[in-house]
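Biologist: I have not worked with this protein before. Could you take me through the structure step by step?

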Amino acid sequence: MRTPIAALLLLIFTSRLAPAATVTESPLAPSQDDAPILTVRHDGQQHRISRAQIESLGLHEVSLIHFEGLEGRFAGVWLDDFLAERGLEDAPRLRFIAHDDYTVFLTPEHREQKRYLLATRLDGDPLTRETFGPTMLLVPEDAEAVTEGSETMTRWIWSIREIHAP
């Protein structure tokens with residue numbers, strides 16, 4: 001039988017490592033920064049997208065501990081909303097490329113199984129290269145499982161510089 005102190009420590013420890021990842025609408029105002037932070041390539045065309053353009057879709061927030069150590073309230077837009085705004089919701093495959101050339105591929109099936117948040121801020125501040133920005137792809141419903149090691153983090157990507165759609 002656990003002692004009350006041991007049970008309390010276990011509760012504190014597990015709640016610290018595995019916070020609830022409930023996504024809510026954000027009270028943050030969309031950015032007014034028109035400097036391009038992301039490139040979207042599709043059908044041979046290249047579009048430079050600003051934080052203001054991304055955030056104009058409506059911000060959502062989630063508190064979580066990122067498995068790379070960042071912790072706080074991540075704010076961004078639902079990936080599906082971002083893709084729909086650009087006419088890419090039916091793309092058969094998306095390729096996300098980070099500044100270090102790490103790549104993640106997503107199919108429509110992946111996006112049907114889970115919702116992805118394209119994060120642009122941490123604790124209200126714009127994500128920068130130093131904080132794994134300027135954009136980051138998160139799977140809020142997997143945050144707890146990824147932290148615990150029971151779910152893969154292979155579809156999470158940070159420091160995204162480009163999204164390619166065939």
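Biologist: Which strands pair with β12, and in what sense?

Modeller: Strand β2 (residues 36–42) pairs with β12 in the parallel sense, over 4 bridges. β6 pairs with β12 in the antiparallel sense, also over 4 bridges. As for individual partners, R41 has H164 as its bridge partner in β12, and F96 has I163.

Biologist: What else does F96 touch?

Modeller: Leaving aside neighbours within four places in sequence, F96 is in contact with L79, Y102, T103, V104, L106, L137, I157, I160, E162 and I163. F96 is also among the residues with the most contacts inside the largest nonpolar core, together with L38, F74, F82 and L137.

Biologist: How many residues does that core have, and which strand gives the most to it?

Modeller: The largest nonpolar core has 39 residues. Strand β8 (residues 117–122) gives the most to this core, with 4 residues. As a general point, nonpolar side chains tend to be buried together in soluble globular proteins.

Biologist: Back to charges, please. How many salt bridges are there in the model?

Modeller: The count comes to 6 salt bridges. One of them is between the side chains of E55 and R121, at 2.6 Å, N to O. E55 lies in helix α2 (residues 51–55) and R121 in strand β8, so this pair ties together parts that are 66 residues apart in sequence.

Biologist: Are those two buried or exposed?

Modeller: E55 is buried, with a relative accessible area of 0%. R121 is buried as well, at 8%. Both values fall under the 20% cut-off for a buried residue.

Biologist: Which residue meets R111 in a salt bridge?

Modeller: The partner is D80, and the side chains meet at 2.9 Å, N to O. R111 lies in helix α4 (residues 108–113) and D80 in helix α3 (residues 79–85), so the pair ties together parts 31 residues apart in sequence. R111 is buried, with a relative accessible area of 9%, whereas D80 is partly exposed, at 31%.

Biologist: A change of topic: where is R115, and what does it contact?

Modeller: R115 is found in the loop between α4 and β8. With a relative accessibility of 40%, R115 counts as partly exposed. Beyond its neighbours within four places in sequence, R115 is in contact with W78, L138, V139, P140 and E141. The C-alpha atoms of R115 and L138 are separated by 8.7 Å, and these residues are 23 apart along the chain.

Biologist: And S50? Which element holds it, and is it buried or exposed?

Modeller: S50 is found in strand β3 (residues 45–50). S50 is buried, with a relative accessible area of 1%. Once neighbours within four places in sequence are left aside, S50 is in contact with D33, D34, A35, P36 and I37.

Biologist: What about the protein as a whole? How many helices and strands does it have?

Modeller: The protein has 5 helices and 12 strands. Of its 166 residues, 42% count as buried. Among contacts with a separation of 6 or more, 64% are between residues 24 or more positions apart. The protein exposes about 8900 Å², and carbon and sulfur atoms supply 52% of that area.

Biologist: Finally, what is the mean pLDDT, and where does pLDDT stay under 50?

Modeller: The mean pLDDT is 87, and 88% of the residues reach 70 or more. Over residues 1–20, pLDDT stays under 50, and the model has 12 contacts beyond four places in sequence for this stretch. Where pLDDT is low, the predicted coordinates should not be read in detail.

Technical notes: Residues numbered from 1 in each chain as written. Predicted model: local features only at pLDDT ≥ 70, side-chain atom pairs only at ≥ 80, totals over all residues. Heavy atoms only, no water. Core = buried A, V, L, I, M, F, W, Y, C linked by side-chain atoms within 4.5 Å. Buried < 20%, exposed > 50% of the residue type's maximum accessible area, 1.4 Å probe, protein only. Helix = DSSP H or I, 4+ residues; strand = E, 2+ residues; numbered from the N terminus. Contact = heavy atoms within 4.5 Å. pLDDT = per-residue confidence, 0-100. Salt bridge = Lys/Arg side-chain N within 4 Å of Asp/Glu carboxyl O. Pairing = 2+ DSSP bridges. Areas by Shrake-Rupley, 256 points an atom, 1.4 Å probe, with all protein chains shown as cover.
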